[in-house]
Amino acid sequence: MKRTGLGTFSARCPAHDDRGPSLAIRETDDGRILAHCFAGCDVQDVLSAVDLTFSDLYPPRALDHRINPERRPFPAADCLRAVGFEALVVCAAAAAMLAGEPFSEIDRERLILAASRIQSAMQAAGLSS
């Protein structure tokens, strides 16, 4: 895990074979822990992979205490890091296409995954619905 800012971290996701850090983690001012895998892993799968539950992400609180959901739970810098890596994948695909190299099925699937991860990062940053 690498600290990316005050209360923010990035890490390789334990729920899938992650080659680069696709998991963003943030501790909010009220002590809640937010996690988002830009590769699309479900939070439950991420938590299960490290033997945690949802209750481990929240500090103890009174029953009548209400917390409004955060509109943009992840810092733009974390989202940009994820988009930056996927943009490199898109650039490599474009360079291969311009060179006339044929795309394999694996290449096509990875390009589709890159587009999906970019969309996921935009949603996590609160830029699209």
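Mentor: Here's a walk through the pockets, and then the strands and the helix around them. Bear in mind that this is a predicted model, where local features need pLDDT of at least 70, side-chain atom pairs count only at pLDDT 80 or more, and totals for chains, interfaces and linings use all residues. Residues are numbered from 1 along each chain as its sequence is written, and side-chain values use heavy atoms, with hydrogens and water left out.

Let's start with the largest pocket, which has a volume of about 440 Å³. A pocket here is an open set of points on a 1 Å grid over the protein atoms alone, where a 1.4 Å probe fits, with protein on both sides within 12 Å along at least five of seven lines; lining residues have an atom within 4 Å of a point. The volume is the space filled by probe spheres set on the points, with grid points joined across faces, edges and corners. There are 23 lining residues, and Asp18, Gly20, Phe85, Glu86 and Arg117 lie nearest the centre. Strand S3 (23-27), helix H2 (76-98) and helix H3 (105-124) are the elements that give two or more residues to that lining. H2 gives the most, with seven residues. Helices (H or I, at least four residues) and strands (E, at least two) are DSSP runs, numbered from the N terminus. By type, the lining divides into eleven nonpolar, four polar and eight charged residues.

Now the second largest pocket, with about 180 Å³ of space. Its lining has 13 residues, with Leu23, Ile25, Val46, Val50 and Leu52 nearest the centre. S3 turns up here too, along with strand S4 (33-37) and helix H1 (43-49), as elements giving two or more residues. This lining has twelve nonpolar residues, no polar ones and one charged.

S3 pairs antiparallel with S2 over four bridges, where pairing takes at least two DSSP bridges between the strands. Ser10 stands opposite Ala24 in S3. S3 and S4 also run antiparallel, joined by five bridges, and Glu27 has Ile33 of S4 as its bridge partner. In the hairpin of S3 and S4, with five residues between the strands, Gly31 takes a positive phi near 95°.

Thr8 lies in S2 (residues 8-11). Thr8 counts as buried because its relative accessibility is 5%. Leaving out residues up to four places away in sequence, Thr8 touches Lys2, Arg3, Ile25, Arg26, Pro75 and Asp78, a contact being heavy atoms within 4.5 Å.

Asp78 is also one of the buried residues of H2, as are Cys79, Ala82, Glu86, Val89, Ala93 and Ala96. What covers them includes strand S1 (2-5), S2, S3 and H3. After H2 comes Gly100, whose phi is positive, near 80°.

Key:
Ala, Val, Leu, Ile, Met, Phe, Trp, Tyr, Cys and Pro count as nonpolar, Asp, Glu, Lys and Arg as charged, and the others, Gly among them, as polar. Buried means under 20% relative accessible area, exposed over 50%, partly exposed in between (1.4 Å probe, protein chains only).
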